[in-house]
Amino acid sequence: MALRIFLIRRLALFVPLLLGILLFTFFLVRIGGQDPVGLIAGPTATTAEIAMIRGQLGLDQPIPTQFWIYLGNVLEGDLGRSWISQKPVLRDVLDRFPITLELLLWGTLIGALVAVPVGLRAAFKHDRLFDIVSRSISLLGFSVPTYFLGLLMLFVFFYLLGWAPPGMGRISLMVTPPPTVTGSYLIDSLLIGNLEGARSALGQLVLPVLCVAIISAAPIAKHTRAIALEVMSSDYVRYADATGLEPSARIRIVLRNSRTPILTFVGTELTGLIGTAALIEYVFAWGGLGQYGLNAIIRGDFSAVQGYVLALALFSLIVFLVIDILVLLLDPRTAETS
Amino acid sequence: MLEVRGLHTHFLARGFDNQVRVARALNGVDFTVGEREIVGLVGETGAGKSLTAYSVMGLLKPPAKVVAGQALYNGRDLLALSDDERRKLRGGEIALVVQSPKSSLEPLTTVSQQLVRVHRAHRQVDEAAARVRAVEMLAAVGIPDPERRANAYAHQLSGGMAQRVLMAMALINEPKLLIADEPTTGLDVTVQAQVLDLLRDLVRARGMSALVITHDLGIVAQYCDRIAVMYAGQVVESGGVMDVFARPSHPYTRRLIASTPDSLARRGGRPLGGAANPPNLYALPDGCLYADRCDHAAAQCAVAPRADPVAGTHLVRCHFSRQFALEPMA
Ligand SMILES: Nc1ncnc2c1ncn2[C@@H]1O[C@H](COP(=O)(O)OP(=O)(O)O)[C@@H](O)[C@H]1O
Ligand SMILES: [Mg+2]
């Protein structure tokens with residue numbers, strides 16, 4: 001019951017949020033100073049040609065009118081056309097989102113699976129060797145630039161050791177990609193029983209996923225540790241000590257009460273990483289949404305940039321929605337206040 | 001039963017200049033709690049009452065550290081026990097009720113689960129029996145509709161209810177000694193009286209001993225057999241409630257009594273007027289710790305007074321205690 005009310009309220013909130021995001025990106029793109037018309041028309045275009053293209057794109061209208069037209073189109077599912085790919089932006093975004101998602105979800109999942117236990121253990125071994133070592137390592141993870149990490153991985157594991165395939169896309173050039181079902185080459189290959197394709201896709205995944213995992217692990221470990229330490233210094237843990245509970249019972253209390261804040265943090269991290277993923281995609285020629293968005297921004301592809309930002313916003317909203325539902329199920333306090 | 005001797009607890013911290021700074025929070029706490037006795041530990045906020053309880057229970061967290069002293073429980077020094085031995089006593093034989101009941105209950109676990117957990121940590125009983133017992137305890141501490149309240153979470157309880165739940169948790173294993181740290185702060189006056197009456201009745205009915213920490217002399221007068229008055233981390237006066245109220249022999253006790261219990265309670269235990277700055281724990285004087293706030297300070301007070309008897313078990317830490325004992329209060 002509480003869950004249904006919560007969902008209705010939350011979905012009602014989506015509408016103004018998305019509208020705000022649309023408005024914001026629309027104007028942001030337009031004050032960016034880039035003029036796609038010149039880029040499309042090319043250096044040899046005449047003034048008349050430029051004016052014609054401007055008219056075709058609707059860019060000769062006043063900006064508020066442009067926004068109204070854009071909004072109407074978005075509501076009909078038309079996000080415009082990318083002039084780089086010459087395809088509808090919606091198509092592009094839908095094609096590329098799963099590709100980025102595959103990278104991001106695996107990376108963050110692996111990062112969290114390593115970092116959460118490490119952070120917890122560091123908290124339990126506060127200021128002892130494990131804590132100090134794990135903190136130093138995670139400091140490294142914080143300070144290495146994403147781009148450099150990707151290149152370093154390729155250099156070591158492909159060039160020096162030859163363990164990993166070159167960073168040239170999501171599947172070897174020698175292997176025919178499977179027909180698209182989920183958009184993940186790994187899963188789609190497995191679906192049709194193409195083991196060779198699956199192996200190749202997995203091989204291509206390893207390094208970029210590892211990069212995302214490393215980049216997400218550092219902050220997750222740090223925050224997990226801080227969250228657990230805060231729980232450990234709480235009145236109720238001290239009181240649990242005062243009542244003579246076994247150490248194992250004490251650990252369970254700490255874990256239970258760290259659970260939802262850690263989950264929330266991992267969710268935040270996941271939404272934040274999508275920007276970072278763009279750089280990793282670049283290095284590994286991944287061709288996902290991040291790379292698409294970055295390209296669009298650099299080359300002033302208005303419709304594509306707007307579609308990209310909208311997709312990111314929707315992704316964040318959905319991630320936060322899922323997290324909030326989980327928190328709601330795990331924590332009786334929030335169930336009551338919402 | 002419980003005999004605390006010369007308890008010293010310090011906070012050790014490193015300042016920005018990398019110098020170790022020591023806050024001498026407890027500077028020789030001495031008192032005893034006899035069999036079936038209720039002892040009141042009083043003093044203004046910051047006197048070190050809670051710290052005394054935590055030191056005795058072995059619940060200090062760095063940077064706090066017991067640097068000297070003993071806390072003998074039936075002859076065994078609680079401060080020298082192994083973790084395992086201490087855990088068996090805590091919550092089993094010696095129970096604590098803390099100052100902040102709501103935040104001391106675990107937020108994600110129901111009241112009954114927490115009671116069951118504490119019970120089963122110390123007694124060999126199965127889940128179902130422990131749950132029955134938990135509901136009984138909730139009824140015993142005067143919680144209406146205990147069956148339903150058993151399934152409540154901490155955030156669903158009022159302060160008074162949370163306080164009672166803590167009492168149920170403290171008493172579920174029938175401890176021999178109960179330490180209650182300001183069990184009624186934050187409750188309104190009628191609830192306060194109910195909780196204290198209940199506490200006294202339970203302690204008496206079960207033949208327990210209790211240490212009740214409070215800043216309210218009225219509570220001590222009404223509910224306690226003995227009193228220990230704390231100032232700056234020392235017990236400056238202790239004895240039977242009758243004796244101490246009849247012949248208060250430390251100037252600090254006299255001042256506490258003179259400022260009526262009501263006004264003290266109204267100020268929530270904040271320091272008395274006059275030279276009201278709380279003593280600086282980083283730079284305590286060598287002599288009597290109360291000297292700089294004392295109206296009767298003299299040359300002798302540069303030497304630290306010992307706690308000497310003025311009569312029987314009535315101990316006072318003041319060079320002039322015998323004089324004060326003879327001098328009726330104005
Ligand atoms: N981390 C700390 N460093 C230095 N002094 C502290 C620290 N924590 C508490 N104290 C001091 O310890 C003293 C005792 O506090 P407490 O036992 O809570 O007093 P009470 O319960 O009597 O009000 C206080 O004067 C307080 O200033
Ligand atoms: Mg206190």
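A pocket is an open set of grid points with protein on both sides within 12 Å along at least five of seven lines. In this predicted model, the second largest pocket holds about 590 Å³ of space. It is lined by 25 residues, and A:L57, A:L59, A:G80, A:R81 and A:S303 are the closest to its centre. Five helices of chain A each give two or more residues to this lining: α1 (2–30), α2 (36–41), α3 (47–57), α4 (63–75) and α13 (302–330). Of the elements, α4(A) gives the most, with four residues. Sorted by class, the lining of the second largest pocket comprises eleven nonpolar, ten polar and four charged residues.

Even so, 14 residues of domain 1 of chain A are in contact with 14 residues of domain 2 of chain A. About 1,300 Å² of area is buried between these two domains, and carbon and sulfur atoms give 78% of it. How many salt bridges does the rule find across this interface? The count for domain 1 and domain 2 of chain A is zero.

Next comes the largest pocket, with about 1,000 Å³ of space. Its lining has 28 residues, and those nearest its centre come from both chains: A:D241, A:R250, B:L60, B:K61 and B:P62. Chain A gives two or more lining residues from each of α5 (89–124), α9 (195–232), α10 (235–242) and α11 (247–283), while in chain B the elements that do so are β4 (64–73) and α2 (83–89). The lining of the largest pocket includes 14 nonpolar, four polar and ten charged residues.

Finally, there are the cavities, where a 1.4 Å probe fits but cannot get out. Six cavities of 30 Å³ or more are counted by this rule. In the largest cavity there is about 80 Å³ of space. Which residues lie nearest the centre of the largest cavity? Among its 14 lining residues, they are B:P251, B:C288, B:C294, B:C301 and B:C318. Eleven residues of the lining of the largest cavity are nonpolar and three are polar, with no charged residues.

How values were computed:
Residues numbered from 1 in each chain as written. Chains lettered and ligands numbered in written order. Predicted model: local features only at pLDDT ≥ 70, side-chain atom pairs only at ≥ 80, totals over all residues. Heavy atoms only, no water. 1 Å grid on protein atoms, 1.4 Å probe; cavity = no way out; pocket = protein on both sides within 12 Å on 5 of 7 lines; lining within 4 Å. Points joined across faces, edges and corners; volume = space filled by probe spheres on them. Nonpolar A, V, L, I, M, F, W, Y, C, P; charged D, E, K, R; others polar. Contact = heavy atoms within 4.5 Å. Buried area = accessible area lost by both parts, 1.4 Å probe. Salt bridge = Lys/Arg side-chain N within 4 Å of Asp/Glu carboxyl O.
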